[in-house]
Structures are given as C-alpha cells and as structure tokens.
Amino acid sequence: MLQLNEITNIPDAFFQLTSLADIHHVFPQPTLIHLQGENPQPLFVSVLMHGNEDTGFFAIQKLLLKYQQRKLPRALSIFIGNVSAARSGLRRLNGQPDYNRVWPGSDVIDCPESRLMLQVVERMQQTLPFASIDLHNNTGMNPHYGCINRLDVKFLQLAKLFSRTVVYFETPTGVQSMAFAEFCPAITVECGKPHLPNGIAHAMDYVDSVLHLSDIEGEPVSEKDVDLFHTVARVTVSENCSFSFTDRQADIFLDPGIEQLNFSEAQKGMPFGEVGDGVGMGMGLIAWDDRGNDMTERFFQKVQSQIQLNISAMPAMITLNEEIVRQDCLCYLMERMQWEWSRTS
C-alpha cells in the first residue's frame, strides 16, 4: 500500500547509497524529510519524481554530507518520490501514473499517487515554504535550464540563479512546480542527462545557494541576463503507429540527428523523419497546444514521405529513448517570449 513516510532525520544508510537499486532498503516508501536550519522557514526540494532521474537524489546526498557536522543555513524539507521506479531505473513502473502529473491541479482521476501528493502539499502549506525546487534530468541532449509556471519576478529571479535559459510552460498540468506555485516561488530545474558529475555538482551548488538566500529579489530581471522561452506545443507519436530511430521499416522513421536541434532555432522545412505507406494521409506525429487541441497542421507538414516543420520553432527535450517517447512525448516546441510579458509581478 502506498503511503507517505515522514521523518525528521537522515538515516545513516542514506550516505552509503551509491546506486538507487538499493534505495528501498533506506526509503521503502515515498518519504518527506524535515531538517532544521538557522532560518526556520524551509526550502522545499523534490527528487525522483521520475525514477530514472537520479541527479537530484545524489545532489542532495552530496549537500547533506557537506552539512553533516553543522547546521543548515535554512530549514530544508526533501521529498523523495518514486522509489519503486528508482529501484528499477525506470521513469515509472507499468501501471503507475507519472509522479509528476498527479499533483493538485492534475487532470488525472483520483488515485493513491494523487492523494499522496495532496498530502505533501497540505503538509508543506502549513510551513509556508521559502521556495520550492523540483530537480529533474533530461534523456536527450539539452543544456541545463530552469522552468517556471508563473511570469512573476521572484520566479524569474529563482530561475536566473540556476541558468540564463528559462522556459515558461502551462502544460502538462499536475506537475509539482505548478502545485507549489500556488503558495511560494517554485521552479523545475533540468540538470542534463542522469548520472553525470557536472549535473550533480550544479544541482547541489544551486540548492546550497538558495539555502543561503535571506530573500528572493523582487526587482525585474534584465533581458540581458535571461533567455525566456514559452512552450507552444507538445509533440507525441500516434498510438496507432510504430516508430523507430533505427528501423526504416517502422511506420515512422525519426531521424536520430534531430536530437541536435534541442534549444536551437529550427527553420521551416527542417526534416524530422519519414512516414511509411501504412500511415496513410497523416504524419503519425501530433502537436498539442496548451488546451489539448490538435495543432499538427500548424507545426508540421508532409512533403511526399518526409515530415517537416511547417513553421520556425525551437525544439526542446527531444529524446531518442523510445520508451520515454511512448510514456511522455517526443519533444516540446518553443518560441522566444516577448520580453514585456516577463515583467508581471
């Protein structure tokens, strides 16, 4: 039975973990840890919303080793999420919902996971968090960047501290940062591919920096300091089509070179792949806007058998992991935001 484990100390075995295959010995259930600090208003940090994204977990392990013999500069609450998927090295187990799609505000129907996330939110609302950080990885080649759900100067200041590349998104719903944005500045940070030392170090240093803040500046962020983008489409593969990055006999053959397009300006006509005769008149790729409308014809065109971009756009989070494509999406398409939009506070 899924239940929230809530503790106020770090088990000694936590510091011995070198592989998440053994995480169940230390955290058999999703766990919320509350640690005291010099400033009693806590920073909230969540890790392992996806079990194959281990950078956040090992960044927190490294951070707490640093403070093992001294008090944290600020109270810290840590939520360790999908431990069962982490044990298997998977984003989520078959039959599980995505742990980062079931937070309050989700379109997902009531389930044990959504009730657990509601419990975390209600518990943390009582503490009036200073800020919230959700630590993630990408499966594709992407820079480190921050994501926000509100065009508010404090959210932008929090993002700028991590990276000059910031993405504003409104979908998917049910993500941790959206739930916490209701009562504190909140950010999702993407730390590159899993396992890499530079991603762990960057995440650890970022959380440490936020722990040392006495306040988050309310001054407008200069456009010289931040590149702000807005996701305009989420691209999925039709469930009725087979696809592959290696097998040209699949219904859709996707060019593995498209991974190089992440966070680059792709022009109209840029090829994404080819479709076989079995796909018929369609393309097999579907572009969804923030309201769930099919906008495929706006973003893609088929020229003979080739799938091409129909407008200039900036892809992000393109992954070559076919399981992740099925579980989540192929990529997002973004546009650079008009800077005046970012001045809302």
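Lys302 stands opposite Ile307 in strand 15. The model is predicted; local features require pLDDT of at least 70 and side-chain atom pairs pLDDT 80 or more, whereas totals for chains, interfaces and linings use all residues. Residues are numbered from 1 along each chain as its sequence is written, and side-chain values use heavy atoms, with hydrogens and water left out.

Strand 15 (residues 306-309) pairs with strand 14 in the antiparallel sense, over four bridges. Strands are DSSP runs of E with at least two residues, helices are runs of H or I with at least four, and both are numbered from the N terminus; two strands pair if DSSP finds at least two bridges between them. These two strands belong to an open sheet of five strands with mixed pairing, in the order 10-11-12-15-14. Strand 10 (243-244) and strand 14 (300-303) are the edge strands, each pairing on one side only.

The whole structure contains 13 aromatic pairs. Rings of Phe, Tyr and Trp (its six-membered ring) pair if their centres lie within 6.5 Å; planes under 30 degrees apart count as stacked, over 60 as edge-to-face and the rest as tilted. Phe57 and Phe58 form an edge-to-face pair, at 5.3 Å centre to centre and 90° between the planes. Both residues are buried, that is, under 20% relative accessible area with a 1.4 Å probe and protein chains only. Ring pairs link Phe57 and Phe58 with Phe14, Phe15 and Phe27 into a cluster.

Phe79 and Trp103 form an edge-to-face pair, with 5.9 Å between centres and 90° between the planes. Phe79 lies in strand 4 (residues 72-80) and Trp103 in the loop between helix 2 (83-88) and helix 3 (112-125), so the pair ties together parts 24 residues apart in sequence. Phe79 and Trp103 are both buried.

The search of the whole structure finds one cavity of 30 Å³ or more. A cavity is a set of points on a 1 Å grid over the protein atoms alone where a 1.4 Å probe fits but cannot get out; lining residues have an atom within 4 Å of a point. The largest cavity holds about 400 Å³ of space, the volume being that filled by probe spheres set on the points. Its lining comprises 30 residues, of which Arg101, Glu190, Met317, Asp328 and Tyr332 are the closest to the centre. Strand 6 (145-148), strand 8 (186-190) and strand 17 (331-336) each supply at least two lining residues.

Definitions and conventions. On a 1 Å grid over the protein atoms alone, a cavity is a set of points where a 1.4 Å probe fits but cannot get out, and a pocket is an open set with protein on both sides within 12 Å along at least five of seven lines; lining residues have an atom within 4 Å of a point. Buried means under 20% relative accessible area, exposed over 50%, partly exposed in between (1.4 Å probe, protein chains only).
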